[in-house]
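The entries follow the order in which I looked things up.

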Amino acid sequence: MEALGLECSCLGGKIEHNTTEKKLWVFGESTVTDNELVYIFTLYYRPADLQSTPIVRSSAATVGIQCHYPRRHNVSSNEPQPAWIPYASTKVAEDILVFSLKIMTDDWMFERPSKVFFLGDVLNVQASVTQYNHVPLRIFVDHCVATTDPGVNSAPVYSFIENHGCLTDAKYTGSMSNFLPRVHDDKLQFQLEAFRFQQESSGAIYITCLLKASAATVQVDENHKACSFRANGWVSSDGGEEVCGCCDTSCGLRTDGAFKVPAGFLWQGRAQVGPLQVWENQRQAKIVI
């Protein structure tokens, strides 16, 4: 079969091949002996035309194939399934994390069905991580930007969560944007006052965030935090305002002679919500619509 450029194998009494061209025909039968179950096939091969030309570059062929299976073994056409969950499958399942970003209703009970807002409205944003057979995790919003299209490198761009979890919008604009006190380790909620980009008539906004998760047993620190700006300084959603002390400077990962990844901080993912439509007022929305 290698001469034909094809790969075939006997699996449960059939021939499988990886060609995308309709040029194989398989005919077969089975027979039983005292010790074996035998599948007998005849495979016919006819070369396909070459791009509508009158030539071919291979010959037709007929190949006889026999597959012998000991009768004392499982001879079902279905693959036998183990009664246990293999360790490898369990390990993969443990590492499957789903990061998400959603706009929620005012009571935080459901995802908001409408993505239309007006200046003065508040966006209730919930970041979460879904963990499958995983150790308990705590989620952090490391960085967030707003853009007018899905590309995070497009212009204009507005970065409103920086420095590994510092929500800077209130500091820059005087808004009431803030992280809410954490209720669940696998969820983190923040409120963002609606805005529009200057000289952008569409009012479309995409919010893209880098989300990170650590084991819930790991303590928050300067690199894994959720900090909001108040008139009297920075406050943490997890308590312990000292972790927010670097929000006015730099909260980069510290190095003690060599770069070290903090223990227990191993998972991250990017999540996006949008497009959100932010109008100046009801009148503008009616005119455009």
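Which residue stands opposite Glu-162 in β11? I looked it up, keeping in mind that the model is a predicted one, and found that Cys-166 holds that place. Strands β10 (residues 157–162) and β11 (residues 166–167) run antiparallel and are joined by two bridges. Three residues lie between the strands of this hairpin, and I noted that Asn-163 takes a positive phi near 55° there.

Next I followed β10 to its pairing with strand β9 (residues 137–147), where I found four bridges, again with the strands running antiparallel. Here Val-145 stands opposite Ser-159 in β10.

I then turned to an open sheet of four strands, whose order I wrote down as β6-β8-β13-β12, with antiparallel pairing. The edges are taken by β6 and β12 (178–179), each of which has a single partner strand, so one side of each is left without a neighbour in the sheet. Between β6 and strand β8 (residues 122–131) I found seven bridges, and Leu-97 has Gln-131 as its bridge partner in β8. Strand β8 is also joined by seven bridges to β13 (residues 187–193), where Ser-128 stands opposite Lys-187.

Is β6 largely enclosed or left open by the rest of the structure? I found that five of the seven residues of this strand (residues 97–103) are buried, so β6 is largely enclosed.

My last entries concern charged pairs, since side chains of opposite charge can pair when their charged atoms come close. A search of the whole structure finds four salt bridges, and I looked into several of them.

In one of them, Asp-185 meets Arg-138, with the closest N and O atoms 3.5 Å apart. Asp-185 lies in the loop between β12 and β13 and Arg-138 in strand β9, so the pair ties together parts that are 47 residues apart in sequence. Asp-185 is partly exposed at 33% relative accessible area, whereas Arg-138 is buried at 12%.

Another joins the side chains of Asp-142 and Lys-212 at 3.8 Å, N to O; this pair links strand β9 with strand β14 (residues 204–215), 70 residues apart. I noted Asp-142 as buried, with a relative accessible area of 8%, and Lys-212 as buried too, with 13%.

I also recorded the salt bridge of Asp-238 with Arg-182, whose closest N and O atoms are 2.5 Å apart. Asp-238 counts as partly exposed at 27% relative accessibility, while Arg-182 is buried at 15%.

Note on methods. Residues are numbered from 1 along each chain as its sequence is written. This is a predicted model: local features need pLDDT of at least 70, side-chain atom pairs count only at pLDDT 80 or more; totals for chains, interfaces and linings use all residues. Side-chain values use heavy atoms; hydrogens and water are left out. Buried means under 20% relative accessible area, exposed over 50%, partly exposed in between (1.4 Å probe, protein chains only). Two strands pair if DSSP finds at least two bridges between them.
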